[in-house]
Amino acid sequence: MKLHFRCFLLSLLFCLSAIAQDSQLEQVYQANEHYINKEYEEAAQQYEQVLQAGLEAKELYFNLGNAYFQLNEIGKSILNYERALRLAPKDQDIQLNLSLAKRQINQRVDDYPLPFYITAFRSLVNTLSSGAWALFAVLCIWAALALAILYLRSPEVKTQKRFFSLAWLTLALCLLFVFLGYNKYYWESNSDYAILAKSNIKATNGPSEASKEVFSLSEGIKVRIVERNAQWCKVIIPDGREGWLQQNQLVVI
Amino acid sequence: MNAQQVLGESLRMHLQCGQFRMMMVLLFLMAGSLSLSAQKFTASPKSIDASTGNPFKITYSLNASDLQNGFKPPEFKPFRIVGGPETQTSVQIINGATSASSSVSYYLSSDKTGTFTIPGAIANVKGKRMRSNSIKVKVVKGKAQPNTSRSNRQNNNRQGQQQQGSNAATSLAPSDNYFIELKINEDTVYTGQQVTATYVLYSTYSVENLSVLEMPHFSGFWSEDNSPSRPPANREQRNGVVFNTHILKRMALFPQGTGELEIEPLEIEATILKPMQNGGGGRRSIFGRFFNQQRQRVRIKSDSKKIKVRDLPTEGKPANFSGLVGQYRLTASLDSLKTSEGDPVSYKIAISGTGNLKGTAEFDLSFDPKLEVFDPKVEVESYAQGEQIRGNKSFEYILLPKEAGVYSLPKAEISYFDPKRQRYFNSSTRDMRLVVRKGDGSQPFTVDAADEIAGGFKENVIGKFRLYEKGRHFYGSMPFIALLSLPFFIFPFYLVRHRKNETERLDVVGRKRRAALNVAQKRLDEAKGLMDKNDRKAFYNDVVRSLYGYITDKVNMPLGSLSKDNVADLLREKGVQEPTINKFVETVKYCEMAVYAPVPDADNLKGTYDDTLSLIADMEDQLQV
């Protein structure tokens with residue numbers, strides 16, 4: 001009885017979300033029309049509404065980023081490209097447009113190089129989405145189960161050996177996928193990075209108005225948040241310098 | 001011919017260095033160079049090549065004025081002192097600072113050959129004892145010169161007036177005492193390959209007032225004067241005679257044609273100072289000393305040399321070969337890799353290497369039309385590295401980017417022939433890219449401009465796609481965890497079942513035992529069929545077989561091993577009660593008999609069947625296995 005009720009609730013939820021999707025998709029199409037007609041402001045507004053409804057897609061962020069780019073709102077454009085990249089880190093179009101947008105920033109802060117193993121690991125984790133990693137993990141664990149059963153059932157020692165090692169291999173693969181998927185999942189759901197939303201922001205050496213200014217940053221620069229409190233957060237800019245910014249001066253990716 | 005006079009002057013000084021008679025004192029020069037510093041007491045030169053009979057000079061100098069007090073010369077053995085000591089003191093006032101220097105010179109001669117060391121001299125300066133360095137002297141056998149004795153010279157000095165030798169130039173055949181030798185480093189070369197020709201004057205006398213009468217034309221060559229700026233003071237021994245040598249001219253020649261080319265001779269006129277045999281002549285030097293020597297104006301001409309010039313091999317000659325011979329490297333550089341619109345950058349292409357670079361043609365580079373290019377500034381520099389002529393030639397292009405974008409700059413290429421490795425080589429510059437940003441007077445970034453950067457801005461909207469709920473992930477969701485963990489529950493269940501099956505499968509005895517009743521039943525069923533057909537013989541056979549088969553299955557024994565004799569013991573062992581055993585034995589006996597012989601009540605097949613059934617049922621109860 002209880003199970004039936006839950007099933008019903010779930011299907012209802014799906015129905016509702018499908019309805020929501022339909023109306024949101026309609027809005028997306030309208031926004032696309034606006035974009036094509038070079039009414040970038042309207043397009044951006046409508047995309048933003050879809051996002052506010054709690055839906056997302058890398059294409060949506062990409063389109064919105066483009067709209068802001070055309071409006072010359074580089075900070076917002078970069079923010080949306082970064083968000084799109086979070087969903088699809090290897091998308092070349094997004095990367096290209098992001099790099100073009102970054103050229104528009106007046107201030108250049110060079111990325112400081114990461115050690116090769118970190119970049120290699122990141123690139124490995126980014127090859128698939130967390131969902132795909134999870135799917136692979138599930139497939140692997142079931143394959144491992146099947147192989148274990150085959151191992152038990154096989155009459156010959158030779159095939160037994162083969163199934164035995166294959167079962168362990170798939171189990172190990174499953175663990176690897178779970179691990180990679182976890183990393184990916186973490187990056188998808190938590191972001192330590194933020195984009196500066198305003199121009200000419202002064203970073204200070206402490207979390208208060210009275211603190212001394214250490215450097216200033218222009219709109220669109222990506223920073224890493226290392227510490228936060230109610231109003232302030234401590235950030236590291238790509239070249240390694242640290243400073244405190246007010247929370248409302250930046251938007252988390 | 002000012003240059004030639006300078007040349008002659010320096011030559012004269014050099015050649016006199018070993019000669020006793022001139023006694024040109026350069027002390028003030030030495031002293032001057034030693035001034036202003038902390039006190040130094042040195043002997044110079046540090047090492048001398050001398051020949052027997054030819055005196056040489058050594059000098060002790062101190063950068064203080066009072067050398068005479070407390071100066072103690074060393075023992076000059078085995079040399080004889082033929083002149084000196086001469087003392088010289090100079091005081092200089094520069095910007096109000098006074099510096100003084102003084103020196104003592106000796107003229108020494110040796111009759112013995114070998115290598116000797118003159119120990120350092122001792123000076124007392126302001127109460128401090130100082131010791132100079134020692135001097136190494138190498139003496140070889142020289143030409144005997146009769147009038148080098150001190151007494152003789154002093155006699156001559158008193159004779160006073162200098163007598164000029166014959167001033168008329170007399171052309172002399174290359175004599176044993178002086179000649180010019182033309183040396184070339186190679187006699188067979190490729191077109192464009194460097195040949196070094198060196199004219200060296202050999203002389204046993206002092207030579208002064210040199211002037212070149214005939215300068216070779218070096219026709220057929222591209223030539224560059226590579227004479228050393230300060231000819232090294234050399235002595236060379238030929239047939240046991242020590243000559244002073246002097247490089248008159250060193251030329252780097254690059255043959256332009258092919259075939260046999262002649263390097264022409266060099267002719268000079270010079271005054272040689274010949275020692276007088278009879279002490280008849282003399283000359284007053286600026287220092288007031290008189291010498292006994294004869295001056296003679298002579299012409300000296302070198303020989304000429306022929307070299308063979310080969311044409312460059314046609315094999316492997318690149319299409320763009322423009323006649324460069326030597327070893328070269330081509331480099332390109334940008335003064336900055338990034339610039340913005342209207343901000344010029346300089347693109348420099350440089351050839352450097354060994355060989356003749358002056359004739360190299362300019363590059364024909366085609367730049368992107370969006371870069372404004374000015375005519376290149378060409379700089380050629382050539383210098384000598386030893387005997388080799390090296391050069392740098394650079395072309396500096398100023399690029400003025402008109403529009404933002406990424407431009408790849410044209411590559412320059414040269415090919416050259418390397419005569420050492422006898423092969424053609426190519427050298428080209430590497431790929432260079434120039435990134436041009438929008439200028440600072442920034443109008444909004446236009447898509448047009450962006451298009452040019454790395455393939456262009458992707459401005460298309462993506463029409464069709466699915467929307468996802470934010471923050472919904474399969475990873476970490478309930479279904480994921482369920483799907484992932486389910487196998488871990490399934491597997492133990494399966495394992496337990498499998499183990500059970502396996503033990504059962506492996507337990508053949510148990511299976512047989514459990515199946516024994518069924519098997520017996522089946523046999524009895526068959527027997528029943530035979531009973532219905534009234535086939536007595538077969539019926540009794542089957543009953544016996546079913547009874548024995550039941551027992552053997554039950555206790556796991558081969559069928560043939562049972563007999564009437566041992567079955568009773570076996571059953572007793574397995575806990576079957578006596579009456580049942582008896583009944584079993586009876587039944588078997590009766591049936592076996594019934595097969596072969598007529599037995600009473602033989603037709604009662606039904607009774608036997610029922611008995612057997614009850615017997616098996618009894619045994620099933622009582623058998624303990």
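Mentor: The account below begins with the interface and then turns to other parts of the two chains. Please keep in mind that this is a predicted model.

Let us begin with the extent of the interface. Chain A contributes 55 residues to the contact, and chain B contributes 39 residues. Between them the two chains bury about 4,200 Å², and 69% of this area lies on carbon and sulfur atoms. On the side of chain A, the residues that lose the most area to chain B are Glu56(A), Trp142(A) and Leu152(A). Together these three account for 13% of what that side buries.

Next comes the question of which polar and charged pairs cross the interface. Six residue pairs are in polar contact between chain A and chain B, with both residues of each pair at pLDDT 80 or more. The number of salt bridges between chain A and chain B, by contrast, is zero.

Which elements of chain A form the side that touches chain B? Those that give two or more residues are the helices α1 (2-36), α2 (40-52), α3 (58-70), α5 (92-103), α7 (130-153) and α8 (157-189) of chain A, together with the strand β1 (55-56) of chain A. The largest share comes from α7(A), with 13 residues. By residue class, this side of chain A divides into 33 nonpolar, 15 polar and seven charged residues.

Two bridges join β1(A) to strand β34 (residues 468-469) of chain B, and the two strands run antiparallel. Within this pairing, Leu55(A) has Glu469(B) of β34(B) as its bridge partner. In general, the strands of a sheet pair through backbone hydrogen bonds, in either a parallel or an antiparallel way.

Although no salt bridge joins chain A to chain B, the structure as a whole holds 14 salt bridges over all chains. One salt bridge joins the side chains of Asp91(A) and Lys58(A), with an N to O distance of 3.3 Å. Asp91(A) lies in the loop between α4 (74-87) and α5 of chain A, whereas Lys58(A) lies in helix α3 of chain A, so the pair ties together parts that are 33 residues apart in sequence.

Chain B also has sheets of its own. One is an open sheet of three strands in the order β25-β33-β30, with mixed pairing. Its edge strands are β25 (338-340) and β30 (405-409) of chain B, each of which pairs on one side only. From one strand to the next the twist averages 30°. Three bridges link β25(B) and strand β33 (residues 432-437) of chain B in the parallel sense, and here Thr339(B) has Val436(B) of β33(B) as its bridge partner.

Another open sheet of three strands in chain B has the order β12-β23-β18, again with mixed pairing. At its edges stand β12 (188-190) and β18 (259-263) of chain B; each has a single partner strand, so one side of each is left without a neighbour in the sheet. Neighbouring strands of this sheet are turned by 35° against each other on average, direction ignored. Five bridges join β18(B) to strand β23 (residues 305-310) of chain B in an antiparallel arrangement, in which Gly259(B) is the bridge partner of Val309(B).

Definitions and conventions:
Residues are numbered from 1 along each chain as its sequence is written. Chains are lettered from A and ligands numbered from 1 in the order in which they are written. This is a predicted model: local features need pLDDT of at least 70, side-chain atom pairs count only at pLDDT 80 or more; totals for chains, interfaces and linings use all residues. Side-chain values use heavy atoms; hydrogens and water are left out. Contact means heavy atoms within 4.5 Å. Buried area is the accessible area (1.4 Å probe) that two parts lose on being put together, summed over both. A salt bridge is a side-chain nitrogen of Lys or Arg within 4 Å of a carboxyl oxygen of Asp or Glu. A polar contact is a pair of N or O atoms within 3.5 Å; within protein, one must be able to donate a hydrogen and the other to accept it, and residues adjacent in sequence count only if both atoms are side-chain atoms. Helices (H or I, at least four residues) and strands (E, at least two) are DSSP runs, numbered from the N terminus. Ala, Val, Leu, Ile, Met, Phe, Trp, Tyr, Cys and Pro count as nonpolar, Asp, Glu, Lys and Arg as charged, and the others, Gly among them, as polar. Two strands pair if DSSP finds at least two bridges between them. Axes are lines fitted to C-alpha atoms, for helices over the stretch in contact, and angles run from 0 to 180 degrees between N-to-C directions.
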